[in-house]
Amino acid sequence: MRILISGAGIAGLTMAFWLRRYGHEPIIVEKARDVRTQGYMIDFGGTGWDVADRMGLIDALKKKQHLIDPIYYKNRDGRTTAQIALSTLYEAGNVEGKFMILDRRDIVQELYEAVCKDVEIRFSTSIHAICQSSSSVSVTFNDDTSETFDLLIGADGIHSNIRHLLFGREEFYSNHLGYRFAVFLTPSLNYDLEQAYQMYVEPGYQFGIFPFSKSEWMVFFIERIQEQHLPLYGERLNYLRKTIPPYQRLPAKILARLREDTPIFMDFVTQITLPTWSNNRAILIGDAAYCPTLISGQGASMAMAGAYFLAQGLHGQEEPQHALLQFERRLRPHIEKIHASARRFAPNFVPQSRLQIQGINWLLRLSKFPLAKKVIGKQFTVESIIDKHRLAQNLS
Ligand SMILES: Cc1cc2nc3c(=O)[nH]c(=O)nc-3n(C[C@H](O)[C@H](O)[C@H](O)COP(=O)(O)OP(=O)(O)OC[C@H]3O[C@@H](n4cnc5c(N)ncnc54)[C@H](O)[C@@H]3O)c2cc1C
């Protein structure tokens, strides 16, 4: 089949890889000029690990991993109040050696290299209209040309344009979990972070500094917020400068030194919940269909899982529409479980009061003990759905 994929992100590139493997002809359209758009840290394990392993990419990804250790919790004066070693987290989450921390840009780069020789990727291209019949799907692109395919796969992320064209406005399907985040990259300051992730925690927000390399840091800011307003690009740095008090010396210094034109990626923590993921010969996968949010720590994994299982489901099927429905029936229970667990964990993601911060500090100090480990492990599970569930057994 000739299959059009919208979005060359984690889901779209994985999809193209597996479709190619099964003898189809995937073509990708990507709105951006290249694949390495957003850079931020991704906890990568479980299902994502297993899919990447089956693609032969694990060794290449391991070489790119960031060996961050430990995580320091800092108080308002910059003093370390608690810390947790990654090995303790891995043990609590029972990750069985399958876990690493990656820059999103490195994941998409590896996926891109795995497909770019065999798959046509049209950059700076997006779809403006979709018209379906029972045997094909025709699309019109942003340059007003049209083309017909056997199937359309929307892998264009949380603010999916394909979802909008198929099912209508985003607000019908989005569930704001009460947080807004900002991520940006900055040249490192003259300050030795060692290999540690530094988290400055205050009631209502966290400011994390993560050394991507000796010369580049990633900053992750997250705050509790009910309003649904995103500052415009030009207003974001000022907003952060106003929010972070000067007594938080390192965060304030980073913001003071940051170039005014630094791209700051900002968004809400939002789950996508659709009653169905497909419409005739078009289907959504990844964040476009079921974004579980960064709080779940499994968005990248589930983007890869969706692509892997959909390609397997389509393999050898005469009727793609049937395969799409079957794929959804099988994957949806796993996604619902991850969504529910992220919603349960969300209220603890950013502490609301000093008392809650103290509670977290105590939990981390006791993290070597079984009970504390169990509590931490509940919020840090990265189990794979590939081998453990009937879904995979039916398909592979
Ligand atoms: C700060 C942060 C931290 C995160 N941490 C983790 C983590 O620790 N672990 C984890 O598993 N997940 C994490 N995630 C979530 C993870 O990044 C996403 O779930 C994952 O990237 C989803 O993959 P995707 O391919 O569906 O979407 P994306 O990776 O967003 O890719 C979508 C692609 O579609 C393209 N596109 C958009 N619109 C169009 C259009 N109109 N036409 C054509 N192309 C278009 C985009 O340019 C992009 O290339 C995190 C997310 C954020 C923001």
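In this predicted model, an oxygen atom of the ligand lies 3.0 Å from an N or O atom in the side chain of Arg104, which falls within the limit for a polar contact (a pair of N or O atoms within 3.5 Å). Another polar pair involves the backbone of Asp43, with a polar atom 2.7 Å from an oxygen atom of the ligand. A polar backbone atom of Lys31 is 3.1 Å from a nitrogen atom of the ligand. On its own the ligand has 1000 Å² of accessible area, and the protein covers 89% of this; such areas come from the Shrake-Rupley method with a 1.4 Å probe.

Two or more residues of the shell around the ligand are given by each of α1 (10-21), β3 (41-45), β12 (174-187) and α10 (299-314). Helices (H or I, at least four residues) and strands (E, at least two) are DSSP runs, numbered from the N terminus. The largest contribution, four residues, is that of α10. Around the ligand there are 33 residues, of which Ala11, Glu30, Tyr40, Asp43 and Asp287 come nearest; a residue is counted as near if one of its heavy atoms lies within 4 Å. By type, the shell consists of 15 nonpolar, twelve polar and six charged residues. Here Ala, Val, Leu, Ile, Met, Phe, Trp, Tyr, Cys and Pro count as nonpolar, Asp, Glu, Lys and Arg as charged, and the others, Gly among them, as polar.

The structure holds 16 salt bridges, each being a side-chain nitrogen of Lys or Arg within 4 Å of a carboxyl oxygen of Asp or Glu. One of them joins Glu110 to Lys64, with 2.7 Å between the closest N and O atoms. This pair links distant parts of the chain, 46 residues apart: Glu110 is in helix α5 (residues 104-115) and Lys64 in helix α3 (residues 58-64). Glu110 counts as buried because its relative accessibility is 9%, whereas Lys64, at 28%, is partly exposed. The cut-offs are under 20% relative accessible area for buried, over 50% for exposed, and partly exposed in between (1.4 Å probe, protein chains only).

A further salt bridge connects Glu260 and Arg241, whose closest N and O atoms are 3.0 Å apart. Glu260 is exposed at 61% relative accessibility, while Arg241 is partly exposed at 27%. Salt bridges with shared partners also join Arg2, Glu25, Glu120, Arg122 and Glu147 into one network.

Residues are numbered from 1 along each chain as its sequence is written, and side-chain values use heavy atoms, with hydrogens and water left out. Local features need pLDDT of at least 70, and side-chain atom pairs count only at pLDDT 80 or more, whereas totals for chains, interfaces and linings use all residues.

Notes
A polar contact is a pair of N or O atoms within 3.5 Å; within protein, one must be able to donate a hydrogen and the other to accept it, and residues adjacent in sequence count only if both atoms are side-chain atoms.
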